[in-house]
Amino acid sequence: MTGIRDSAWEGDLEQLKGLVSERALTGETMVLNMGPQHPSTHGVLRLILELDGETIVNCTPDVGYLHTGIEKTFESKRYEQAVVLTDRMDYLNPLGNNLAYCLAVEKLTELDVPPRAQYLRVLLAELTRINSHLVWLGTHALDIGAMSVFLYCFREREKVLDIFEMVAGQRMMATYFRPGGLWRDVPEEFEPAVRDFLDYFPAKIDDYEKLLTENPLWRDRTQGIGYLSADDAVRLGCTGPTLRGSGVNWDIRKAIPYSSYDHFEFDVPLGQHGDVYDRYLIRIEEMRQSLRIVRQALDNLPSGPVRSNNRKYVPPPRSEIGHSMEALIHHFKLWTEGFRPPEGEVYVRVESPRGELGCFLASDGSPRPWRVHFRTPSFIHLSALPHMAKGHMIADLVGIVGSIDIVLGDCDR
Amino acid sequence: MTALNPIEALQAAFADAIEDAQTFRGETTIVVAREAIVDVCRYCRDTEGLAYNFLSDVTGVDYHPQEPRFGVLYHLYSMIHNRSLRLKVLLPGDDPVVPSVTEVYPAANWSEREIYDLLGVRFSGHPDMRRILLPDDWEGHPLRKDYPLGKETVQFSFNFDHVDQYKPYAQE
């Protein structure tokens, strides 16, 4: 085979330095682009692969195709306006992103959140986890060749999206959580709709498992693939199901409970082998555990307000403005200028469906955040991909990329 | 093993390198001199009572026009003691270079590249210091506070011609 040096390629060899080995330059190995328009890369991800036959020698992810400068946009929005931006990062986990941002603002301003809002946040965050895992399962199975699972998963996901539409008016970009609580209370038909889903969904998870878990083809394609040891997972910053697939028991909902997660009983599934198959089993089990949390939240849902009464940070309801001068002043101040949190820096982490979603917020005391940074699990997991992919066949790479459950909007922000 | 107070432990071990320590909303921040950051990270990871074995995130802040201008923040977490620590390195605006901690925490690799890409802080000793999110030929670092924000003036009837002559197509 012709090496890159002798080929007709006109690019600069310096560009490839560090990305491929010396062997690629002499033509001993082949350099191949996978993506950015490849159906199995779950968005626009480019992987520069160096192949020896079909075996991966080097894998270099190239990201940034979906970079929209969201962190810069935050700096010109007021704290309350900025919630709407968070949905648009990880579009499969919109309410989870809302939650991370709202918790950070609440930590900075020491704002209280009423118990009803906290429970509803947990409930909706867990429904979002189911939503995200369903898309993951469908596309992951599709990548590996199990077509029908995809259709079933999207059929059930529709029910979850209907619930989001019912509470927020939007199916995907809900923007339902606000600093201090929720946008408004859930409608009356919310509880029966969630109960319907709780009755309907467990049998569907069993159906997915019937199609995949014992399926010899599925096991052949996933067992022993993409191995990640517990030490490496921690070293490389992996979190969520990817970390727990390697047997490390760390779930932020248990370790650092936020939004009253400590009131709920649920198990954290752990893997033993750290391969693609174990990560699959964990996410399936997480859906069942999420249902448990949703059921508990619904059974014990406290009554009361869904938004804090601290008028320095939360605008008064319309009914109050009519007869209270002070409410009118607060309304005017909050909608023209916004609130001014104290100076300081906070970091909040939540357990998103993909892993640790961290929100770093720096305030200079003005109504706009000085700096907002999101530590997104997809970004860190992709940086661990080369470690997992090396030595595997190119066909297995598709399974490994699927198993770390990346969303490129989350990665590039 | 008992958990050590990170402020006291680090002040005892690195008396010269610890510039400041503060607690805000229950989060401890320790300001470290940039020459010592790799050693401090290694100490935090390997000392038994600290055991910050997990690096959650590295991020950067531009405090422009203050001086020192840049801050690089390391969010460490200990799975053993279940607690977090923030290390902070302050860098002057005319020389934003800090040693890379990738040899201690490989998880920092892409985060450091992101900071270089968006803030222009360089990490010496990083194995692959290239831009990550923006194209390779991008000029400037957008998250800096003095980076110009792009905008387009709205064209009304009173300023139509004036705005029109600055439109890209009008320059031909």
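1. Helices here are DSSP runs of H or I with at least four residues, numbered from the N terminus. With that convention, L19(A) sits in the loop between helix 1 (13–16) and helix 2 (22–26) of chain A. L19(A) has 16 C-beta neighbours inside 10 Å, and therefore counts as partly exposed. Leaving out residues up to four places away in sequence, L19(A) touches I48(A) and T60(A). For the pair L19(A) and I48(A), 29 residues apart along the chain, the C-alpha atoms are separated by 7.8 Å.

2. The model is predicted. Its scores are ipTM 0.86 and pTM 0.89. For chain B the average pLDDT is 87, and 97% of the residues score at least 70.

3. Chain A contains 18 helices and 8 strands. Its radius of gyration is 23 Å, close to the 22 Å given by the globule rule for 413 residues, so chain A is as compact as a globular protein of that length. The C-alpha trace of chain A spans about 85 × 50 × 35 Å along its principal axes. Of the 413 residues in chain A, 49% are buried. Among contacts in chain A with a separation of 6 or more, 68% are between residues 24 or more positions apart.

4. Chain B contains 4 helices and 7 strands, and their order along the sequence is α-β-β-α-β-β-β-β-α-β-α. The radius of gyration of chain B is 21 Å, whereas a compact globule of 172 residues would have a value near 16 Å. Taken along the principal axes, the C-alpha atoms of chain B fill a box of roughly 75 × 35 × 30 Å. Buried residues account for 35% of the 172 residues in chain B. In chain B, 52% of the contacts with a separation of 6 or more are between residues 24 or more positions apart.

5. Which elements of chain B give two or more residues to the side that touches chain A? The contact takes 31 residues from chain A and 24 residues from chain B. On the chain B side, the elements in question are strand 3 (54–62) and helix 3 (108–119). Strand 3 of chain B gives the most, with 6 residues.

6. Helix 6 (residues 115–144) and helix 7 (residues 147–168) of chain A pack with their axes 8 Å apart, at an angle of about 160°. This angle makes helix 6 of chain A roughly antiparallel to helix 7 of chain A. The crossing of helix 6 of chain A past helix 7 of chain A is left-handed. Residues of helix 6 of chain A that take part include L127(A), I130(A), L134(A) and L142(A). On the side of helix 7 of chain A they include M147(A), F150(A), F154(A) and I163(A).

7. Helix 6 of chain A also packs with helix 5 (residues 94–109) of chain A: their axes come within 8 Å and cross at roughly 140°. Helix 5 and helix 6 of chain A are therefore oblique to each other; the cut-off for roughly antiparallel is over 145 degrees. From helix 5 of chain A, P94(A), L95(A), G96(A) and L99(A) meet R121(A), L124(A), A125(A) and T128(A) in helix 6 of chain A.

8. L85(A) lies in helix 4 (residues 83–87) of chain A. With 19 C-beta neighbours inside 10 Å, L85(A) counts as partly exposed, because a residue is buried at 20 or more. Apart from neighbours within four places in sequence, L85(A) is in contact with I70(A), T73(A), F74(A) and K77(A).

9. The bond joining H64(B) and P65(B) is cis, with omega about 5°, and the bond from E67(B) to P68(B) is cis with omega near 0°. P65(B) is in the loop between strand 3 and strand 4 (70–78) of chain B, and P68(B) lies in the loop between strand 3 and strand 4 of chain B.

10. S260(A), which is not glycine, has phi near 60° and lies in the loop between helix 12 (252–255) and helix 13 (276–299) of chain A. A51(B), also other than glycine, has phi near 50° and lies in the loop between helix 2 (37–46) and strand 3 of chain B.

Terms used: Residues numbered from 1 in each chain as written. Chains lettered and ligands numbered in written order. Predicted model: local features only at pLDDT ≥ 70, side-chain atom pairs only at ≥ 80, totals over all residues. pLDDT = per-residue confidence, 0-100. Rg over C-alpha atoms; globule rule 2.2 N^0.38 Å. Buried ≥ 20, exposed ≤ 12 C-beta atoms within 10 Å, placed from the backbone. Contact = placed C-beta atoms within 7 Å. Axes fitted to C-alpha atoms, helices over the stretch in contact; angles between N-to-C directions. Parallel < 35°, antiparallel > 145°, perpendicular 65-115°, else oblique. Left-handed = near helix turned anticlockwise from the far one by under 90°.
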